[in-house]
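Subject: Structure for your review

Dear colleague,

Please find the structure below, together with the sequence. My notes on it follow.

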Amino acid sequence: MIIAEKKPIQEIIEEVQNFDRILILGCNECVTVCEAGGKKEVEVLASALRMYFITQGKEKVISEHTLERQCDHEYLEEIRKNIDDYDAIVSLACGVGVQFAAEKYLTMPLLPGVNTICLGANEDRGLWTERCQACGSCVLARTGGICPVSRCAKRVLNGPCGGSTNGKCELGPDTDCAWQLIVDRLKALDKMDDYEKIAPIKDWSTDRAGGPRTVTREDVKI
Amino acid sequence: MSEFVSASRLERVMKAGHLGVTSECGPPRGSDAEEVRKKGMLIKDYVDAINVTDNQTAMTRMSSLAACIHLKLLGIEPVLQMVTRDRNRVALQSDILGAASFDIPNMLCLSGDHQSFGDCAKGQNVHDLDSMQLVQTVRHMRDEGKFLGGDDIKRPPKIFVGAAANPFADPFEIRVPRLAKKIACGAEFIQTQCIYNIDKFKEWMRRAVDRGLHEKAFIMAGMTPMKSVGMAKYMKKKVPGMDVPDAIIERLAGVEKGKQAQEGIDICVEHIQQLKEVTGVAGFHIMAIEWEEKVPEIIKRSGLYPRPEL
Amino acid sequence: MKIPTNFRIVRLPCTGKIDIVHILRAFEKGADGLYVVGCMEGDCHFNQGNFRARKRVEQAAKILDQVGVGGERVKMYNLSSGEGPLFAQYSIEMVNKIKQMGPSPIRLAKQKKATAA
């Protein structure tokens, strides 16, 4: 899922300074699971902002609402009937949701309330880690199910580099060496012969480098 | 057909069966070419070629290619080091042609230290290719005479291409398969990370020789003299992929501070003498960073001077 | 030892039931201080409830600092259910601390607004 982190409250305070009626808009999917932008986070942010502006002598009207998702038209439409109640919306959805909402409500300032960090998994309570870079051409079959593009700091496709130490990346003890993980997995799968297969130069045109990506499914369109 | 792939003296020395000797110089953090020339002149009679590092440890310096050109114009043979961290495949091929236009005959292909180690930690990194794919690219440009995109190259580069190897990085069990892979990609010479753990290196070498890799590429042992016990401790703890046995640290610590540098050089010379006897060692790559003035002494005392006449 | 009377007790089955927003809303409505009293750490009847509560109290304190209300106004205490005198002691400690800190800026602002109207 998409992992995000709450923006520091100071940043959000600055974003909303000049607006009087603000909607804090949460999302019930990814950002709820990573505890950054769901209903609970909406409530906390709204309460904190109210208190801040009261102590500053500038009371604002801060409303709260959480949609199922902000990346589908149907859900974003739900706020249209009350849209004139607000001067600005702080969306706690990921970057996708903020933008999709902005496209829908052209004259409404749409401000981000979280920093979208990565595509990742919930490794442990309170720990979310990156797993996928959406490169568009998945090589996981060749690397024992561990991605060198997203988990290697240098996205080395024939790794590891010379900096791998004790299973950790040269970046530091908090980062696993992806290639150590791959070698361990290939051993477990009894596929160490695959290690010496040379991974060819990658076609990065399906990655961000090729431009904003689109997926079209003619078979699904009506 | 010529048996040599380039005009490289390094290639000729090792193919003639002699031990090859290279050293290293780091370009300055400024635009004064005189600094490059000075270092080159200090060591040129003691080596077959001089490596020029490429923004090493991700600290921005004068480009390796420019520094190589300055050396070449002085009649000194360079080894162009190129990392994949900072350039995409367009720039990599372009710089290779730039080097070839000055007849720079040697290249070493590397990934490069992560930019967070250097002075631009907030920058992007590229890694369009990895170091092995860069080796393949040089070979492709040289042997097929074509760009990666398929078009013909006018006056293809004639470059003797090498790669780096680290016998001490983890995981140990794939270090020789990794060496095999680099050679399969087309690496013709290998320079290793600096060696302090002689036994571990010998084990790595033994496995490489078992697979016949020493006959497919020239494996040059990397050596760096320790300047002090402080340097030894730093390298042991802070430099990734480095193996410094405690015995070395104790030996340096056992000598008073003013004499540690000389002890470090003595250790280096002893190690070279030992490794000369090891099957598969085709030469030495002496990295005395910011201590280039000691390189002549090391090479002389190791019995590697004068360099062979060809 | 007398328990002070100027505070309200809100009873919960476990302090783990507290959400950060409950703490914040109390201050939003003008509370000058809030303390959370849970079981001794390791003795929580629901396993980790009091640990969760502690983390949430810490978070709430941080937010209260960031918005200018003051994180010192919220605190967590741990005691076992039989320790009446200790409860009294903690209550007195909390009340005195809040008295020293003065009314919450939210309450002051609300009062100011009321008198201006």
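I begin with one pairing inside chain A: Ile22(A) has Ile62(A) as its bridge partner in strand E3(A). In strand E4(A), the bridge partner of Ile22(A) is Ala88(A). Strand E2 of chain A spans residues 21-27, and six of its seven residues are buried. A residue is called buried if 20 or more other C-beta atoms lie within 10 Å of its own, exposed if 12 or fewer, and partly exposed in between, with C-beta atoms placed from the backbone. E2(A) pairs in the parallel sense with E3 (residues 61-67) over seven bridges, and also in the parallel sense with E4 (residues 88-91) over four bridges. Two strands pair if DSSP finds at least two bridges between them. Helices (H or I, at least four residues) and strands (E, at least two) are DSSP runs, numbered from the N terminus.

Before going further, please note that this is a predicted model, in which local features need pLDDT of at least 70 and side-chain atom pairs count only at pLDDT 80 or more, while totals for chains, interfaces and linings use all residues. Residues are numbered from 1 along each chain as its sequence is written, and chains are lettered from A and ligands numbered from 1 in the order in which they are written.

Chain A

Chain A contains seven helices and seven strands, in the order β-α-β-α-α-β-α-β-α-β-β-β-α-α along the sequence. Its radius of gyration is 22 Å, well over the 17 Å that the globule rule gives for 222 residues, so chain A is more spread out than a compact globule. The radius of gyration is taken over C-alpha atoms, and the globule rule is 2.2 Å times the number of residues to the power 0.38. The C-alpha atoms of chain A fill a box of roughly 65 × 50 × 25 Å along the principal axes. Buried residues account for 39% of the 222 residues.

The chain is divided into domain 1 (2-118) and domain 2 (133-208), and the C-alpha centres of these domains are 37 Å apart. The domain bounds come from an automatic or database domain assignment.

In helix H7 of chain A (residues 178-188), the buried residues are Ala178(A), Trp179(A), Gln180(A), Leu181(A), Ile182(A), Val183(A) and Leu186(A). Helix H6 (148-151) of chain A is included in what covers them. Just after H7(A), Asp190(A) takes a positive phi of about 60°.

Chain C

Chain C has four helices and two strands, following the pattern α-β-α-β-α-α. Its radius of gyration is 15 Å, close to the 13 Å from the globule rule for 117 residues, so chain C is as compact as a globular protein of that length. Buried residues make up 28% of those 117 residues.

Contacts between chains

Two residues are in contact if their C-beta atoms, placed from the backbone, lie within 7 Å. Between them, 23 residues of chain A meet 26 residues of chain B. The side of chain A that touches chain B has 11 nonpolar, eight polar and four charged residues. Here Ala, Val, Leu, Ile, Met, Phe, Trp, Tyr, Cys and Pro count as nonpolar, Asp, Glu, Lys and Arg as charged, and the others, Gly among them, as polar.

The contact between chains C and A takes 15 residues from chain C and 12 from chain A. On the side of chain C, helices H1 (20-28), H2 (49-66) and H4 (105-116) each supply at least two residues, and H1(C) gives the most, with six. That side divides into 10 nonpolar, two polar and three charged residues. No contact joins chains B and C, whose closest C-alpha atoms lie 28 Å apart.

Cores and a loop in chain B

A nonpolar core is a set of buried Ala, Val, Leu, Ile, Met, Phe, Trp, Tyr and Cys residues joined through C-beta atoms within 7 Å. The largest has 89 residues, and Met107(B) and Cys109(B) have the most contacts inside it. Apart from that core lies another of 61 residues, including Ile79(A), Tyr86(A), Val21(C) and Ala26(C).

Gly118(B) is found in the loop between strand E4 (106-110) and helix H5 (131-144) of chain B. Gly118(B) counts as partly exposed because it has 18 C-beta neighbours inside 10 Å.

With kind regards
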